[in-house]
Amino acid sequence: MSLNVPTHFAQEYTSLVQLKLQQQGSRLRNAVMVGGHVGKAAVAVEQVGAVNARKRTSRHADTPIIDTPADKRWVFPTDYEWGDMVDRQDRVRMIVDPTGAYVTNGSSALGRAIDDEIVDAFFGDAKTGENGTDTTTFPSAQIVAVTEGAAAATGLNIKKLKVARRILMENNVDVANDRLYCAVTAQQHENLLNEIQVTSQDFNTQPVLVDGLISRFLGFDFIHTELLEADGNAYRRVAAWAHSGMHIGVFDEIDAQVYPRPDKSNNIQVLVQGTFGATRLEEGKVVEIKCAEA
């Protein structure tokens, strides 16, 4: 056998760059109000509160002057960025240039950051008042208990969804015109798949499942995300809300740049940046559904 045979051994390379499992971009942005803002803080919306009319009891009576409640909801910007570098020496040794995949990867990370801001704002403190220095907390009346309709803690079920919808309607949410959403993890999605009223066409005038995924039920559009947080008792905090009840303020849209760094031997840097912040616009338009996962 020739001693030079090893020089003919082949090395196989791939032209495929694949992103590992992750949520690619934002899934919640289109389900909330979106506004463009500038500055160190911004008013998401000027709010006018409800008033009651007064009965007219006599002719030529004085005009009633009834103070109209007013408030503001504020958003504060948070800066996000992601960067990585591709050495020139690495690029000449690879069949495929990974730069495009890095841009996609970084943009997906910034999109998830938008969802993190929205998730935090679902049940977090909202900044209100003339200058955004007042705090409005999430009220307990907007929470569906983990034991709703049962003797023990349960996962997501039809009863809890009905209670969430009732709470929204009692708060005068225009459910006929204001789109309703419910964000769930895979566990809550599986809980609902075990409900015969969800999966059986005998109970639904329109198909609920699309390619095995629950798309719409009880007036809620369902959005799958694994970014939902758990409370101190490990109960998942599922959010149900009206479109007009949440706001994401975009101070600087997600921007990706690819450029050589002269200070790094002209290696290629990928930089993705964005600035945004979220707030709850009205407590009555957001409901927390506590769900057990054990």
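Modeller: Thr-279 is a buried residue, since its relative accessible area is 3% (buried means under 20% relative accessible area, exposed over 50% and partly exposed in between, with a 1.4 Å probe and protein chains only). Please keep in mind that this is a predicted model, in which local features need pLDDT of at least 70 and side-chain atom pairs count only at pLDDT 80 or more, while totals for chains, interfaces and linings use all residues. Residues are numbered from 1 along each chain as its sequence is written, and side-chain values use heavy atoms, with hydrogens and water left out.

Thr-279 has its place in strand E15, where helices (H or I, at least four residues) and strands (E, at least two) are DSSP runs numbered from the N terminus. If we set aside its neighbours within four places in sequence, Thr-279 is in contact with Ala-44, Trp-74, Val-75, Ala-121, Ala-126, Met-246 and His-247, contact meaning heavy atoms within 4.5 Å.

Val-272 also belongs to strand E15, and with a relative accessibility of 0% it counts as buried. Although Val-272 and Gly-83 are 189 residues apart along the chain, their C-alpha atoms are separated by 6.2 Å. Beyond its neighbours within four places in sequence, Val-272 is in contact with residues including Tyr-80, Trp-82, Val-103, Leu-110 and Ile-254.

Let us now turn to the sheet around this strand. Four strands form an open sheet in the order E1-E14-E15-E4, with mixed pairing; two strands pair if DSSP finds at least two bridges between them. Its edge strands are E1 (33-36) and E4 (78-86), each of which pairs on one side only. On average, neighbouring strands of this sheet are turned by 25° against each other, direction ignored. E14 and E15 pair in the antiparallel sense over 13 bridges, and Tyr-259 has Gln-269, in E15, as its bridge partner. Helix H2 packs on this sheet, touching E4, E14 and E15, and its direction makes about 15° with that of E15; here axes are lines fitted to C-alpha atoms, for helices over the stretch in contact, and angles run from 0 to 180 degrees between N-to-C directions.

In the loop between E14 and E15 lies Ser-265, which is exposed, with a relative accessible area of 58%. Its phi is near 60°, a positive value in a residue other than glycine, whereas most residues other than glycine have a negative phi.
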